[in-house]
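Hi,

Here is the structure I promised to send over. Have a look at it first, and my notes on what turned up follow below.

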Amino acid sequence: MIRKAEEKDISLIAELYDTVIDYQNANGSYMSWKKGIYPTVETAELGFSLGTLYVHDNGTQIGGSVILDCNQSEEYYSIDWKTKNDPRNALVIHTLCVAPEHMGMGIATEMLTFAKELAASLNCASIRLATNSKNLGAISLYEKNGFSIVAYGRVLLDSKIECPKQCFMEYVI
């Protein structure tokens with residue numbers, strides 16, 4: 001089940017970020033995240049305080065997390081998106097992650113379905129995201145869920161991590 005995060009979840013989500021980073025680093029992934037820099041407990045705290053942090057909760061464990069909001073980084077404004085709507089009318093996916101022990105169980109797909117439903121309920125025209133262009137697993141997941149590649153470019157994650165080869169993707173509602 002996908003639900004809004006509760007305050008008690010924040011430390012678990014921060015641990016999830018670190019676990020995912022460690023797993024990806026050990027398995028040759030192309031994530032842009034850096035442990036202790038982004039995402040961090042502060043990332044989860046901010047998402048919680050804004051009411052935009054969600055978790056996949058199976059009743060005993062948090063299997064994944066995502067921040068869903070309408071905040072686009074500066075780089076998004078130079079992209080030729082399919083939808084030419086007001087940027088505040090696009091839901092943006094941030095920090096989507098699944099615990100390594102839950103990978104391959106459909107949690108990321110559930111979270112993307114939830115994002116689509118949330119975007120529709122907010123009358124958004126689209127869902128947007130950026131992922132590392134070498135993260136072929138993530139790109140494949142998004143494409144299987146109806147997202148299209150719109151552009152490639154650079155992103156500065158949380159004003160801390162330079163990501164020169166990002167893949168910008170969009171799902172049109």
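Let me start with the aromatics: Tyr76, Trp81 and Phe168 make up one aromatic cluster. Bear in mind that this is a predicted model, where local features need pLDDT of at least 70, side-chain atom pairs count only at pLDDT 80 or more, and totals for chains, interfaces and linings use all residues. Residues are numbered from 1 along each chain as its sequence is written, and side-chain values use heavy atoms, with hydrogens and water left out.

Rings of Phe, Tyr and Trp (its six-membered ring) pair if their centres lie within 6.5 Å; planes under 30 degrees apart are stacked, over 60 edge-to-face, and the rest tilted. That rule gives seven aromatic pairs. One of them is edge-to-face, because the rings of Tyr17 and Trp33 have centres 5.9 Å apart and planes at 80 degrees. This pair links distant parts of the chain, 16 residues apart: Tyr17 sits in helix H1 (residues 10-26) and Trp33 in the loop between H1 and helix H2 (41-50). Helices are DSSP runs (H or I, at least four residues), numbered from the N terminus.

Tyr17 counts as buried at 0% relative accessibility, and Trp33 does too at 12%; the cut-off is under 20% relative accessible area, with a 1.4 Å probe and protein chains only. Tyr76 and Trp81 are a stacked pair, 5.5 Å centre to centre with 25 degrees between the planes. Both Tyr76 and Trp81 are buried.

On to H3: its buried residues include Ile107, Met111, Phe114 and Leu118. After H3 comes Asn123, with a positive phi near 60 degrees.

Cheers

Conventions: Buried means under 20% relative accessible area, exposed over 50%, partly exposed in between (1.4 Å probe, protein chains only). Helices (H or I, at least four residues) and strands (E, at least two) are DSSP runs, numbered from the N terminus.
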